[in-house]
Amino acid sequence: MVSPSTRVLASIPLAAVKGAGSERRLAGIAELWSESIRVYGTHSAPILACALLGLAGSTLLGALVNAIVTLDIFVRTGGIFTNTSNIFYAQLLIQACFGTFAISLARGAIVWIALKSPSIVDGHAVVGLKSPVTLRAALRASARRWPVLLLSSLIYGALITLGIAGLTLLLRQMRLDVTSISRVNGDFDSMMRAVVVRAINGVTPDPGSPFTEMVSYARYLLRRSSTNYYWLYAYRYTLGEVPVRLWLIALTSLVPMIVTGTLLRLRVAAIMSASRPNQMAALMESVQLGARHFRYVAAHGMVVWLASVSLNIVFSLVPLTLAQYLVVPAVARALNTLWPYPVSALLFAAGAALVGMVFLAFGAVYDARLYRAMKGEGERRSRGDLDGE
């Protein structure tokens, strides 16, 4: 394999290139998985830098502001619960404002890096590139296409949010939504219930800012509603009597999630591959490509989604839930103070964001390599879209 940093072009016979193009097949999951891991490892520094600043930056900033304000209130008053709502609203506003702009920029930069990396799928020779892969070049390329990247993210987020809203109706009726969790005791059954409920809700895709914050705001209001709690407990012993209409709404809500996740999966890669005057055309091209290979793209998306969700549950959700409901209360009781709660909230948010950004960045790399494999190397290099940055 030729290192991308040397920019040495491998010699490929013309006949071999034509034969490969005429007999090109869609890459398998194992091939693209290995390819994505290779690209991730080769360019881990700029990819993780983009992920830290864009994919996790808004969550870290919001959690930091929350912790600072809460600790300040604790120092001045000795309590931390008097202004919880206002602080949380401010946190969501900060995350929404910063995340709406930063996430699209970061995702575009990560995809650009993944598209620039040479390919070894199907054992083909490595093709060199004219310019090196750097963090500055990636951000500059993403900034040039940022308006369309933002537009595509807003379209994706709005449709995913519709699906989440419909699915939430069923989960709340079955008391499996995160708003159904109130006080959690330290016993095994209560802890397992909290883990299971959070795991179920963690399966739903993230719509991205500002829709993620809108969903969090709505759930926070539902959790605080005393009338809502009464409604939940009224169905405590009749969970099997879920109305048919709620099942229909929930099943229908899966449609925008599946369709949007498939048709718009390659949107960032298509936009980052296009020349600047044709960015909107590239967005439509990604939709058409997803529709033409719907089952293929959906299968790849399902694999990445299952892997990300499983790893996130094991390495983030379970340990953080146990620490939140077991370790933190014990520390607070032992020290006879409340400051462990805001400090732990900051640490938990930071830990979840850092773990999540690793999986989100890998998903972006995988989608970029999937798009590149589907479009073919020859077509992309003939257009010169990436080398001209």
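Author: Helix α2 passes helix α14 in a right-handed crossing. The model is a predicted one. Two packed helices are described by the angle between their axes and the distance between the axes. For α2, which comprises residues 29-42, and α14, the angle is about 55 degrees and the axes are 11 Å apart. That angle makes α2 oblique to α14.

The side chains of α2 come next. E35 and R38 both belong to helix α2, where they stand three residues apart, about one turn of the helix. They form a salt bridge in which the closest N and O atoms are 3.2 Å apart. Both R38 and E35 are buried; for E35 the relative accessible area is 3%.

E35 also forms a salt bridge with R369, and here the closest N and O atoms are 2.6 Å apart. Because R369 lies in helix α15 (residues 340-375) and E35 in helix α2, this pair ties together parts that are 334 residues apart in sequence. R369 has a relative accessibility of 3% and therefore counts as buried, the limit being under 20%.

K375, at 14% relative accessibility, counts as buried, whereas E285, with a relative accessible area of 23%, is partly exposed. The count of salt bridges in the model comes to five.

It remains to consider α14, the partner of α2 in the crossing. F294 is found in this helix, which covers residues 294-335. F294 counts as partly exposed because its relative accessibility is 31%. Together with L251, L254, V255, I258 and V259, F294 makes a nonpolar surface patch of about 470 Å². Helix α11 (residues 244-263) gives the most to this patch, with five residues.

V318 also has its place in helix α14, and at 27% relative accessibility V318 counts as partly exposed. From C-alpha to C-alpha, V318 and A199 are 8.4 Å apart in space, although 119 residues separate them in sequence.

Definitions and conventions: Residues are numbered from 1 along each chain as its sequence is written. This is a predicted model: local features need pLDDT of at least 70, side-chain atom pairs count only at pLDDT 80 or more; totals for chains, interfaces and linings use all residues. Side-chain values use heavy atoms; hydrogens and water are left out. Patches are made of residues with over 30% relative accessible area and no salt bridge: like charges are joined within 9 Å, nonpolar side chains (Val, Leu, Ile, Met, Phe, Trp, Tyr) within 5 Å. Accessible areas come from the Shrake-Rupley method with a 1.4 Å probe; for residues, only the protein chains shown count as cover. A salt bridge is a side-chain nitrogen of Lys or Arg within 4 Å of a carboxyl oxygen of Asp or Glu. Helices (H or I, at least four residues) and strands (E, at least two) are DSSP runs, numbered from the N terminus. Buried means under 20% relative accessible area, exposed over 50%, partly exposed in between (1.4 Å probe, protein chains only). Axes are lines fitted to C-alpha atoms, for helices over the stretch in contact, and angles run from 0 to 180 degrees between N-to-C directions. Angles under 35 degrees count as roughly parallel, over 145 as roughly antiparallel, 65 to 115 as roughly perpendicular and the rest as oblique. A crossing is left-handed if the near helix is turned anticlockwise from the far one by less than a right angle, and right-handed if clockwise.
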